[in-house]
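Please read them with the sequence and the coordinates open beside you.

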Amino acid sequence: MPKSHEIIRDFIVEREDDLAQKIVDRQWTLHPALEARYGKKGRAKCLTDARYHLQFLSEAVGAAEPALFADYVMWAKVMLASRKIPVEDLVANLEIMQDVLHGELPAPMQTPTLDCVKSAIHELLLSTDKPTFLDPSQPLAELANQYLSALLRYERHVASDLILRAVEKKISIREIYFHVFERCQYEIGRLWQTNVVSVAQEHYCTAATQLIMSQLYPYIFRTGTDRKSKGTIVAACVTGELHEIGARMLCDLLEMEGWNTIYLGANVPTPGIIDALRDNHSRILAISASMAFHIRAVRDVITAVRSATPETKILVGGYAFKVAPNLWRDVGADFWTENAPEAISLIGALAGGILL
């Protein structure tokens, strides 16, 4: 990542509140009908959205990865449309953001920043709505639909019974993780994005899935054999990152492959990660980040780990890296994988000394 891009990122971050206020004030001045349509509450929400836009933009520019901002904008389009906010309002907001940034950024900062916004607007106008993640042609599609339906009815015990019965019928836990838990989590996110479920429902479904995953531990640990013979892996989500279920799923599956995993959970301070590596004599660290504005935290963790335990091999994953497949190199990681099966294969190669 060019140093100049880091400087632009920091400039936007430091002036985020002022820039957001200027964007909203100009939009409301240019489009007075917005006041009658949305009122003071809508204006306050627009200011919050402008801050989010700037947060994602700053990280995309800082990482020299415009795809991060474009992906966020396409996500915002669907989310806002489901709440009866037309795409034209979002486009107008982004165009005004361009104008404000053109006037506020020093000349050397303008080209990479404004190009990032232009690219996002172009993608926004071309993008289509995301289809459901519960494709009926996928394995275990019926079970996934039944499971999600139970969760959306707040029937956690029914959902648990469905999974436990499936395991008793010799359905692979790996298949349940890949085709039920993972797909349902994606679908729940899509349903929230399209305003079908509330934040409370999304949180309930996630918490219920984590509880049901823990109910499978007797099977997972029974399946794993000689866990410590393959080594120990530390896995964590960086400071501020609360989307932890993907990292937890990876650790569970690695346990089944014979690994001993030290799963630290969400929002882990860097010193704690380093302590866990040292205390457990681990040579492999897996870091997860879903949100683009946590990329800087990933980079900071990797820098600190390189200094404290230089022999550690670092694997990164999560949605942010899927959007920008070259990002892992920029943050200084050794490896990136798109999904859990790839991560398991790669870590197996590490154990065999192929990649060490």
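**Notes on the predicted model**

1. On the other side of helix α8, away from the residues discussed next, His157 and Glu168 are exposed. The model is a predicted one, and the remarks in this note should be read with that in mind.

2. The buried set of α8 consists of Ala159, Ser160, Leu162, Ile163, Ala166 and Val167. Viewed down the axis of α8, these buried residues fall within an arc of 155°, so they line one face of the helix. As background, an α-helix has 3.6 residues a turn, so residues three or four places apart point the same way.

3. Helix α8 itself covers residues 156–168, and its 13 residues reach 18 Å from the first C-alpha to the last, close to the 18 Å expected at 1.5 Å a residue. Just after α8, Lys170 takes a positive phi of about 75°.

4. Ser160, which is found in helix α8, has a relative accessibility of 6% and therefore counts as buried, the cut-off being under 20%. If neighbours within four places in sequence are left aside, Ser160 is in contact with Ile212 and Gln215.

5. Helix α3 (residues 33–62) deserves a separate look, since it has 30 residues and yet its end C-alpha atoms are only 35 Å apart, short of the 44 Å that a straight helix would reach at 1.5 Å a residue. A kink of about 100° is present in α3, centred on Gly39. Just after α3, Ala64 takes a positive phi of about 55°.

6. Turning to the strands, the model has an open sheet of five, in the order β2-β1-β3-β4-β5, with parallel pairing.

7. How many of the six residues of β1 are buried? Six of its six residues are buried, and the strand is mostly covered. Thr232, Val234 and Ala236 point one way from β1, whereas Ile233, Ala235 and Cys237 point the other way, and all are buried. In a regular strand the side chains alternate between the two faces of the sheet.

8. Helix α12 (residues 245–256) lies across β1 (232–237), β2 and β3, and runs at about 160° to β2.

9. Phe221, found in helix α11 (residues 217–223), is partly exposed with a relative accessible area of 36%, and its C-alpha atom is separated by 20 Å from that of Ala236, 15 residues apart from Phe221 along the chain. Pro325 has its place in the loop between α15 (319–323) and α16 (327–331), and at 40% relative accessibility Pro325 counts as partly exposed. Pro325 and Glu338 are 13 residues apart in sequence and, C-alpha to C-alpha, 8.5 Å apart in space.

Terms used. Residues numbered from 1 in each chain as written. Predicted model: local features only at pLDDT ≥ 70, side-chain atom pairs only at ≥ 80, totals over all residues. Heavy atoms only, no water. Pairing = 2+ DSSP bridges. Helix = DSSP H or I, 4+ residues; strand = E, 2+ residues; numbered from the N terminus. Contact = heavy atoms within 4.5 Å. Axes fitted to C-alpha atoms, helices over the stretch in contact; angles between N-to-C directions. Expected span 1.5 Å × (residues − 1). Bend = angle between axes of the 7 residues up to and from the residue. Buried < 20%, exposed > 50% of the residue type's maximum accessible area, 1.4 Å probe, protein only. Arc of directions from axis to C-beta.
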